[in-house]
Amino acid sequence: VLLRMGNFQASLEFLGRAVELWPDEPAYRSALGWALYKQPRSEAETAREHLEAARQAAPDDALLLYRLGLVLRALGKSDEGRAHLDRARALDPSLGD
């Protein structure tokens, strides 16, 4: 709920605990990665690590690929980011840029 409300910093405590308990659950890793990236003091590299781990478990999750693409672009990996964004849009055309 906190993540959906845009309260990324507050969601970190809950998402971090969820990943500790269920490290192989891609939805939790993806959400944690996104919150780390979107919080006021962005941790883009750590976010990328969580999103990459989630992608290994859910390679066709459009939202996860979209998030990973945006984080990669922010890290200066434009080509790799674009590839993930294109794949995400192919899976779910409703995803914007």
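Predicted model: local features only at pLDDT ≥ 70, side-chain atom pairs only at ≥ 80, totals over all residues.
Student: Which residue does Arg17 meet in a salt bridge, and how far apart are the two in helix 1?

Tutor: The partner is Glu20, with a nitrogen-to-oxygen distance of 3.1 Å between the side chains. Both residues belong to helix 1 (residues 8-21), and because they are 3 residues apart there, about one helical turn separates them.

Student: Are Arg17 and Glu20 buried or exposed?

Tutor: Arg17 is partly exposed, its relative accessible area being 46%, whereas Glu20, at 58%, is exposed. The cut-off that matters for Glu20 is 50%, since a residue counts as exposed over that value.

Student: What does Glu45 pair with, and how should I read the spacing of the two residues in helix 3?

Tutor: Glu45 forms its salt bridge with Arg48, and the closest N and O atoms of the two lie 2.6 Å apart. The spacing in helix 3 (residues 44-57) is 3 residues, so Glu45 and Arg48 are separated by about one helical turn.

Student: Which residue forms a salt bridge with Arg89, and where do the two lie?

Tutor: Arg89 is bridged to Asp86, and here the closest N and O atoms are 3.8 Å apart, a value to be read against the 4 Å cut-off for a salt bridge. The pair lies in helix 5 (residues 78-91), where a spacing of 3 residues puts about one helical turn between Arg89 and Asp86. Asp86 is partly exposed, at a relative accessible area of 41%.

Student: Let us go on to packing. At what angle do helix 4 and helix 5 pack, and how far apart are their axes?

Tutor: Helix 4 (residues 62-74) packs on helix 5 at about 160 degrees, and the two axes are 7 Å apart. Because angles over 145 degrees count as roughly antiparallel, helix 4 is roughly antiparallel to helix 5. The crossing in which helix 4 passes helix 5 is left-handed.

Student: How do the axes of helix 1 and helix 2 cross?

Tutor: They come within 9 Å of each other and cross at roughly 150 degrees, helix 2 covering residues 26-38. That angle makes helix 1 roughly antiparallel to helix 2, and the crossing is left-handed. Among the residues that meet are Phe8, Leu12, Leu15 and Val19 in helix 1, and Tyr28, Ala31, Leu32 and Trp34 in helix 2. The contact divides into 11 nonpolar, 2 polar and 2 charged residues.

Student: Is Leu15 buried or exposed, and what is it in contact with?

Tutor: Leu15 counts as buried, at 12% relative accessibility. Leaving aside neighbours within four places in sequence, Leu15 is in contact with Leu3, Ala31, Leu32 and Ala35. The C-alpha atoms of Leu15 and Tyr28 are separated by 6.4 Å, although the two residues are 13 residues apart along the chain.

Student: Where does Pro26 lie, and what does it touch?

Tutor: Pro26 lies in helix 2 and counts as buried, with 17% relative accessibility. Not counting residues up to four places away in sequence, Pro26 touches Ala54, Ala57, Ala58 and Leu64. Pro26 and Glu52 are 26 residues apart along the chain, and their C-alpha atoms are separated by 9.6 Å.

Student: Finally, where is the place of His50, and which residues does it touch?

Tutor: His50 is in helix 3 and counts as buried, at 15% relative accessibility. Beyond residues up to four places away in sequence, His50 touches Val19, Arg29, Leu32, Gly33 and Leu36. Leu32 is also one of the residues in contact with Leu15.

How values were computed: Residues numbered from 1 in each chain as written. Heavy atoms only, no water. Helix = DSSP H or I, 4+ residues; strand = E, 2+ residues; numbered from the N terminus. Buried < 20%, exposed > 50% of the residue type's maximum accessible area, 1.4 Å probe, protein only. Axes fitted to C-alpha atoms, helices over the stretch in contact; angles between N-to-C directions. Parallel < 35°, antiparallel > 145°, perpendicular 65-115°, else oblique. Left-handed = near helix turned anticlockwise from the far one by under 90°. Contact = heavy atoms within 4.5 Å. Nonpolar A, V, L, I, M, F, W, Y, C, P; charged D, E, K, R; others polar.
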